[in-house]
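The paragraphs below walk through it piece by piece, from sheets and helices to domains and chain contacts.

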Amino acid sequence: QEDAPVVAAASDLQFAIEEIAARFTEETGMSVRLSLGSTGNFARQIRAGAPFQIFMAADEQFILDLHRDGIVPTEGTLYGIGRIGVMVPHDGPLAADGRLDSLAAALEAGTLGRFAIANPEHAPYGLRAKEALQHRGLWEGVQPHLVLGENVSQAAQFALSGNADGGIIAHSLALAPQIAAQGEFALIPEEWHQPLRQRMVLLEGAGEVAEAFYAYILTPAAREIMDRYGFSLPAGG
Amino acid sequence: MALDVDLRAQAPIPLDLGFRVAPGEIMALVGPSGSGKTTILRAIAGLWRPEAGRVAVGAEVWLDSARRRWLPPHRRRTGLVFQNYALFPHMTALGNVMAAMDDPTPDGAARILGLVNLGGMDARRPAELSGGQQQRVALARALARRPLALLLDEPFSAVDRATRVRLHEEVLALRAHLSMPVLLVTHDLSEAERLADRIAVIEQGRIVAEGAAHAILSDAAALRVLGLEDAISILPALVAAHLPGGLTRLEGPTGPLLVPALALPAGARVQLRVRSADVLLSRSPVTGLSSPTVLAARIEALTPGQGALLVRLRAGASVISCRLPLSGAQVLGLSPGEAVHAVLTDPVVTELPG
Amino acid sequence: MALDVDLRAQAPIPLDLGFRVAPGEIMALVGPSGSGKTTILRAIAGLWRPEAGRVAVGAEVWLDSARRRWLPPHRRRTGLVFQNYALFPHMTALGNVMAAMDDPTPDGAARILGLVNLGGMDARRPAELSGGQQQRVALARALARRPLALLLDEPFSAVDRATRVRLHEEVLALRAHLSMPVLLVTHDLSEAERLADRIAVIEQGRIVAEGAAHAILSDAAALRVLGLEDAISILPALVAAHLPGGLTRLEGPTGPLLVPALALPAGARVQLRVRSADVLLSRSPVTGLSSPTVLAARIEALTPGQGALLVRLRAGASVISCRLPLSGAQVLGLSPGEAVHAVLTDPVVTELPG
Amino acid sequence: MDWTALGLSLRLAGWTVALLLPVSVLVGRLLAYRRFAGKGVVEALVMLPLVLPPTVFGFYLLLAFGRGAPFGDLWQGLVGRPLVFSFEGLVLASVIFNLPFAIQPAQRGFQAIPPEVREAAACCGMSPLRALWHIELPLAWPGVMTAMVLTFAHTLGEFGIVLMVGGSIPGETKTIAISIYDRVQAFDNRGAGIMSAVLVAISLAAITLTYALSARVGRRLG
Amino acid sequence: MDWTALGLSLRLAGWTVALLLPVSVLVGRLLAYRRFAGKGVVEALVMLPLVLPPTVFGFYLLLAFGRGAPFGDLWQGLVGRPLVFSFEGLVLASVIFNLPFAIQPAQRGFQAIPPEVREAAACCGMSPLRALWHIELPLAWPGVMTAMVLTFAHTLGEFGIVLMVGGSIPGETKTIAISIYDRVQAFDNRGAGIMSAVLVAISLAAITLTYALSARVGRRLG
Ligand SMILES: Nc1ncnc2c1ncn2[C@@H]1O[C@H](COP(=O)(O)OP(=O)(O)OP(=O)(O)O)[C@@H](O)[C@H]1O
Ligand SMILES: Nc1ncnc2c1ncn2[C@@H]1O[C@H](COP(=O)(O)OP(=O)(O)OP(=O)(O)O)[C@@H](O)[C@H]1O
Ligand code: MOO
Ligand SMILES: [Mg+2]
Ligand SMILES: [Mg+2]
């Protein structure tokens, strides 16, 4: 365990990656250690020499930048496209409605309370949420109501704690049973925002186990889990 | 108002005593180190709570364990000089005094500091004062409160003789003026003698002797508790007449007494204090000696003491203690019942109030 | 080894003095409150650094501002009793004493506590001790260090008379035994008289009088600084013979002197101390008085004092101060140059070392 | 430079110190002088807000202050607006979180006063309140000072709790700490550096000034 | 329950306290007794690690300790492994971050010793070192104690710095604080609750015990 390779994974992968890692250990007898956090933080830590062997980012740009700067050997592989959607607590004032009509109505009526998204300044899911809101023409109006999570997981926290009327969170989180149970979720149309292209990369000095796990994520068994948590992969992507 | 004190405790030291100090009276508590003197003052001030007892000033009851009455220290109007001063370190001398005043004014506080000979030290903090100066600030602070009972725990121990004499006078003046009961803890018997009306000798938390100062100071047993053999006799008298040649004649229970001229009117009540070592005896009448104070007396008792003979004389209604070197007694060949002439070589004459 | 002290400073108080204390000698520092006595001890111990000066014990130089030498306090082997004790509050009495010992053993520390009459208080912390008990722990701690110089700042002020007498004896014994210089700050002149070989009178940071104890105690000017008018005369003498009738004959510069029998061998050197108020004068020879100590003297000077006449007598090579009530002088009609008989009513005879 | 956030942080720190000063004095004094059963446990309890990670602590506050929780609803009923995502909520959270800093050093400050000095105050006729004001406070001042400076500094830098119960609302709950963090996360190192420098400079000045003033206050109270 | 993380946190807190104890005593004593120009500024500087948000502070440590930074490279050259993302790195970060807690209360503790007691120690022939050990430390103990308990508790709860400098590597730098936060993030409230409860219980016990023991230590040193 002590020398099992460390996988740095964006927090939207929280549930999917845990399941994949468990399955991996079951099948191969090898194990990895998971470190979940914000993509930006991981990128910075990798620049500072963090001993991760695999980096799974929520936004491929971070990995492309690392590669450009010669910090990671390859451009890595796309492992999924993230989706966002509206999550509202049960019995909340808003309806879970992917086209955000309920949100727009509440705004109009002046009944909207707090609305949670991840911080668009640095959280990939936050930025996509912002784009979607802009696309729907709600960005200006909703701003005074926003509460910002440090990452998408915290945004979900806010959305569901009963202190906000709802929020825009990752599909992957909404699919997790413990979150799904707390509210209703509806996907926002894919075209409303830039795609959340999620890329992973093997870092310099990655060992055999890391390589095996990296490969495993792309196997159908793992893909099935990824799909289940909403990380669809476009055919041939 | 009189101070009534009655204290009983087992811990931290056994204590079992009671006494009363009249208004305007100074009572000295004397006794060996560790006998409980400070503890008594602390109990009166309310800083220590005895297991049982009663403390009252006049009708104001500060402690009555029978009735579960207990007044906290700040509600008791005491002026306490702590043995270790306990000044407020962050305040100046003036600030310390003002802290105890009901209507604090810098002028008032400065006046009290003047009383204890500390004029000009107003702005100094305790750390910038010498030991004796700190002690005097503590005294000034205790006085500033205009207390119902003044509790002085060795208040002059760090003060030089000259200042001490002056402070004695201040305390006496104050006592007469404010007529409050004063409790004075001291190890200096001449201080007790000069200041106190009554003395209580404390030993192991009990009063082993108590009485008028002159009685205690001539009580050999009481003095032995204090490690002293030197008794002091006190003779009351009235000023009778002023004689030519710088003499004053007193009349008292001992018969007429000549003393160096006093600046007191005829009829004034005075008291003579004589150390037992300052009494000389002669079989024949004494004349032509530089000390005029000679009286006729009769030997009541002869007790051999440490390297000396203790002689108890009776002169009229008074008793005079006299300590003679053994040789002196042998030379004279004294025996009880004999008449002698006693020369009082250095009597201290003080006026009595009233 | 002798203690050499020379101190000069402007702040916080002006200080300008120097003195030397021989090994085995006790020098008393007396003076009004705030005159700088504590400051002097602190400078010697290294707790305060004067602007200029020199402090040395024998060849060991602790401070020499000319040579920029300065030894920190813990490297100076002093035993200092602080005026406010400064005990270590977290340690027991025993711990306090052991803290100052080179080879700390509980037995050794307990022995020293016994010396200061504190047997059985070993396990008490300062907060559980009375004022006088704390002061004695401080004394024990200072002694425990086996210092090269013992510095005592009013070390007995909180101690009762009986204990004080005992402590005086301890200090004298120790001084003789260890032969270290001792500096004693005290306000109690009888203490200075009993303990000190020499006295320095401090006023405003200067020595205004310094000399053998008997000289200072009979120096009216010096005493006035201390607020005293009561001079003490000191007469050296040799034990000549023991007479029948409980008397001893002394020979000295004053001629023969009879005193109550002494338990000293013939040839022993002694010294008589007489308070000026304890001298009576007579024109005619005195006999039959209970005090045997009478000597012939000549009047050197007559000075009117406060309500008294101060008489300076010469007897052989010695000078005796005498304070007479004005009346006494008038009765006798004294004038300078006359021969008189002086009765010493209560001389204190002490043996001199050697 | 996000001046709004800095102003908010300073306001937050100011309120926290102002509210904790009496608590620090009263509870610190109580723990210093009173003896009671289980005092050791109380002293340890005072430390607890430190032990939980601020984010986790904040999470529980979010639950406790939030809609549906008794306290949150009570507040909403009384004040008319929710406690979470509001400045008041931050102040409350900050007060709770800073309890250990506020109480412990003050307690030590009170303990350091020699007992006979407090006794002398009583014998001078000072009521406990006057003694507190004129004697105990000036003498315990270094400890209380430490308590307040620690609280002030810690509130400025507090991040996790604010993140959890604040929601990063500009002008309301987006403190300078969050703002700097956002710059860092956005890889705007220069912006973060400037803000950090300003924050550090202001804090340094504020603390130095406080120390200097406190020496005077100590004297004035005397 | 993540026992590995708890063990790691306790180890980290232990090391931090152990390393800061001498610093707290020496620097605290220095600030308490020495007078020098600019002391007020030094005292304020000591407070600074508190003022920056831990995450930001951690970010700068990451820059200072990381690859390419002189200090980080020096360490790597000497020890053979990087300082950041290692337990040693966490300890170092934690030591720096806890300086204010460690120094301030200790300083007050030393200041509370009456000067004449220290003078008496010197007059008893105690060298400064012996006086420190036998007199000053036992008397300043409450302050030093407070410093260490604050440090201990704060290290257990520290999150931001550990996250930044550590990288949350299980068994190496993933402390209990991060582990609890992860549970919270994963909406595993039950897991987070259990871990929080265990952490609180252990801390409570540890602090209570420390207070009790410290009373004894104070006595023993006497
Ligand atoms: N820090 C200071 N600032 C100003 N004056 C001071 C300071 N310390 C001492 N003094 C003054 O120096 C003088 C000498 O003090 P010192 O303690 O030596 O006197 P002392 O002779 O020991 O008096 P006492 O018999 O009352 O103890 C005093 O008048 C005192 O007020
Ligand atoms: N907390 C305590 N625990 C045990 N004994 C104590 C405690 N406090 C005081 N004592 C003892 O009580 C006795 C009386 O103390 P107190 O201070 O009343 O004496 P005192 O007569 O004032 O002595 P001194 O003249 O030396 O000041 C002393 O023997 C002292 O050791
Ligand atoms: O990768 Mo995140 O969870 O949007 O910070
Ligand atoms: Mg006492
Ligand atoms: Mg002095």
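This is a predicted model: local features need pLDDT of at least 70, side-chain atom pairs count only at pLDDT 80 or more; totals for chains, interfaces and linings use all residues.

Five strands of chain A build an open sheet here, in the order β2-β1-β3-β10-β4, with mixed pairing. The edges are held by β2 (33-37) and β4 (77-82) of chain A; each has a single partner strand, so one side of each is left without a neighbour in the sheet. On average, neighbouring strands of this sheet are turned by 15 degrees against each other, direction ignored.

Strand β10 (residues 196-202) of chain A runs antiparallel to β4(A), and five bridges join the two. To find your place in this pair, look for A:Gly82, which stands opposite A:Leu196 in β10(A). In general, strands of a sheet pair through backbone hydrogen bonds, either parallel or antiparallel.

A helix belongs in this picture too. Helix α3 (residues 60-68) of chain A lies across β3 (54-56), β4 and β10 of chain A. Its direction is at about 40 degrees to β10(A).

Over all chains, the count comes to 54 salt bridges.

Chain C gives us another sheet to look at. This open sheet has five strands in the order β14-β13-β12-β15-β21 (chain C), and its pairing is antiparallel. At the edges are β14 (257-260) and β21 (348-351) of chain C, each pairing on one side only. Neighbouring strands of this sheet are turned by 45 degrees against each other on average, direction ignored.

Let us step back to whole domains, with chain B as the example. Its domain assignment gives domain 1 (3-226) and domain 2 (232-351). Six residues from domain 1 of chain B and four residues from domain 2 of chain B take part in the contact. The centres of these two domains, taken over C-alpha atoms, are separated by 34 Å. Between them the domains of chain B bury about 540 Å², with 51% of it on carbon and sulfur atoms. The count of salt bridges between these two domains is zero.

Chain D comes with a record to compare against the model. In an unreviewed entry, UniProt lists residues 12-32, 44-63, 83-103, 139-165 and 192-213 of chain D as "transmembrane region". Over residues 12-32 of chain D, the chain is 100% helix and 0% strand, with the end C-alpha atoms 28 Å apart. Over residues 44-63 of chain D, the chain is 90% helix and 0% strand, and the end C-alpha atoms are 24 Å apart.

Finally, how do the chains meet? By contrast, no contact joins chain C and chain D, whose closest C-alpha atoms lie 10 Å apart. Chain A and chain B are also without a contact, and their closest C-alpha atoms lie 50 Å apart.

Note on methods: Residues are numbered from 1 along each chain as its sequence is written. Chains are lettered from A and ligands numbered from 1 in the order in which they are written. Side-chain values use heavy atoms; hydrogens and water are left out. Two strands pair if DSSP finds at least two bridges between them. Helices (H or I, at least four residues) and strands (E, at least two) are DSSP runs, numbered from the N terminus. Axes are lines fitted to C-alpha atoms, for helices over the stretch in contact, and angles run from 0 to 180 degrees between N-to-C directions. Contact means heavy atoms within 4.5 Å. UniProt positions are given in the numbering used here, feature names are shortened, and annotations may be inferred rather than shown by experiment. Domain bounds come from an automatic or database domain assignment. Buried area is the accessible area (1.4 Å probe) that two parts lose on being put together, summed over both. A salt bridge is a side-chain nitrogen of Lys or Arg within 4 Å of a carboxyl oxygen of Asp or Glu.
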